[in-house]
Amino acid sequence: MDRFSKRHRLVVSMLVLLVPVLTGAKGRGCQVPDSSGGGPGGGGPGPAPTACVVTGCSGQLCADEDIASTCEWREEYACYAKHGVCERDASGECGWRETPELAACLGGDEPAPCVVSGCSGQVCADEDVATDCAWREEYACYQELGVCERDASGACGWRETPELAACLGGGEPAPCVVSGCSGQICADEPMASTCEWREEYACYQELGVCERDASGACGWRETPELAACLDGGEPAPCVVTGCSGQVCADRDVITTCEFREEYACYQELGVCERDASGACGWRETPELDACIAAASGDDRVSLPARP
């Protein structure tokens, strides 16, 4: 019995000594693995986490890496730029540090100021607003007398003042404006038109008076001079055009801007006029012919054909 107890104690002792080997502790027994991040074999701590980055189209996000977002602007985004601290929290997640300043800003203790917007500064709103750029006379009233602010309900708008109301009321109608690509239109506001040139457009430029008639509508004043011109009494003069002034034509012509020596001849000696057929072109003179020939190095050079 005593020998059995001794043998039993010997077996138990051997099993206790073999436990670390059987469990793979490699000499560390049953200790809890080191939490320093070292790998097997007693290596050093692992790499530190990367810094958080401020991202998003408006800098409104705090994350581990750059993140794409829409570019719709919101007033609270300014709070992050002004008060935000982008960092990792205790759990290792990236986010904005919760501070009283940021919380107050996001809470909206004070609404953001209204902004004057629109192509002509005619809109008072919470944010920039895109508009067309057609000008109207009343827009000047907002620029001169308008106060852009929030009303009692918190909505943005122009402050109602007697001065602004009087200006918008239009004691006197706005003057008519000469408009169109070639100045051929008389209207209440600028108007877009095609740029096809017609001879009668020169009549409006030389003889037209753009004004309101008795009904208040804008239009060209009917005068004998304008009527005669529009009926074709005299054709409009030819114009010197082209990038280097080398073209004589009925209207402005777009050309390349490659300069040639003979172009200087047109500027010094050229006479731009209509010939017997009514076509515009350079008057053929011995002086102009000789200049062009010398500049081009070819005695056979002649004037270009009329456009």
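Predicted model: local features only at pLDDT ≥ 70, side-chain atom pairs only at ≥ 80, totals over all residues.
Residues are numbered from 1 along each chain as its sequence is written, and side-chain values rest on heavy atoms, with hydrogens and water left out.

The secondary structure of the protein chain comes to 9 helices and 16 strands, where helices (H or I, at least four residues) and strands (E, at least two) are DSSP runs numbered from the N terminus. Of the 307 residues of the protein chain, 23% count as buried; here buried means under 20% relative accessible area, exposed means over 50%, and partly exposed lies in between, with a 1.4 Å probe and protein chains only. The accessible surface of the chain comes to about 21,100 Å², and 55% of this surface belongs to carbon and sulfur atoms; such areas come from the Shrake-Rupley method with a 1.4 Å probe, and for residues only the protein chains shown count as cover. Among contacts (heavy atoms within 4.5 Å) between residues at least 6 apart in sequence, 37% join residues at least 24 apart.

The interior was examined through its nonpolar cores, a core being a set of buried Ala, Val, Leu, Ile, Met, Phe, Trp, Tyr and Cys residues joined through side-chain atoms within 4.5 Å. The largest of these cores has 12 residues in all, among them Cys176, Trp197, Tyr204, Trp220 and Leu226. Two or more residues each are given to this core by α6 (201-207), β12 (218-220) and α7 (224-230), and the largest share, 4 residues, comes from α6. Tyrosine 204 is in contact with Gly183, Gln184, Trp220, Leu226 and Leu230, when its neighbours within four places in sequence are left aside. Apart from this core lies another, of 9 residues, including Cys248, Cys265, Tyr266 and Leu288.

Leu288 also belongs to helix α9 (residues 286-296), in which Leu288, Ile292 and Ala293 are buried. Seen down the axis of α9, the buried residues fall within an arc of 130°, so they line one face of the helix; the arc is that of the directions from the helix axis to the C-beta atoms. The face turned away from this buried side carries the exposed residues Pro286 and Ala294, while the buried residues of α9 pack against α8 (263-269) and β16 (280-282). After α9 comes glycine 297, which has a positive phi near 75°.

Cysteine 265 lies in helix α8 and cysteine 291 in helix α9, so the pair ties together parts that are 26 residues apart in sequence. The torsion about this S-S bond is about -80°, so the disulfide is left-handed. Cysteine 265 is buried, with a relative accessible area of 1%, whereas cysteine 291 is partly exposed at 21%.

The count of disulfides comes to 16. In one of them, cysteine 114 and cysteine 156 have sulfur atoms 2.0 Å apart, and the link is left-handed, with -90° about the S-S bond. Cysteine 114 lies in the loop between α3 (100-107) and β5 (115-117) and cysteine 156 in strand β8 (residues 156-158), so this pair ties together parts that are 42 residues apart in sequence; cysteine 114 and cysteine 156 are both buried. Another disulfide is formed by cysteine 124 and cysteine 148, with sulfur atoms 2.0 Å apart, and its torsion of about 85° makes it right-handed.

The structure holds 8 aromatic pairs. Rings of Phe, Tyr and Trp (its six-membered ring) pair if their centres lie within 6.5 Å, and planes under 30 degrees apart count as stacked, over 60 as edge-to-face and the rest as tilted. Tryptophan 135 and tyrosine 139 form an edge-to-face pair, 5.7 Å centre to centre with 85° between the planes. Tryptophan 135 is partly exposed at 30% relative accessible area, but tyrosine 139 is buried at 11%. Tyrosine 142 and tryptophan 158 are stacked, 5.0 Å centre to centre with 20° between the planes, and this pair links helix α4 (residues 139-145) with strand β8 across 16 residues of sequence.

Notes
Disulfide = S-S within 2.5 Å.
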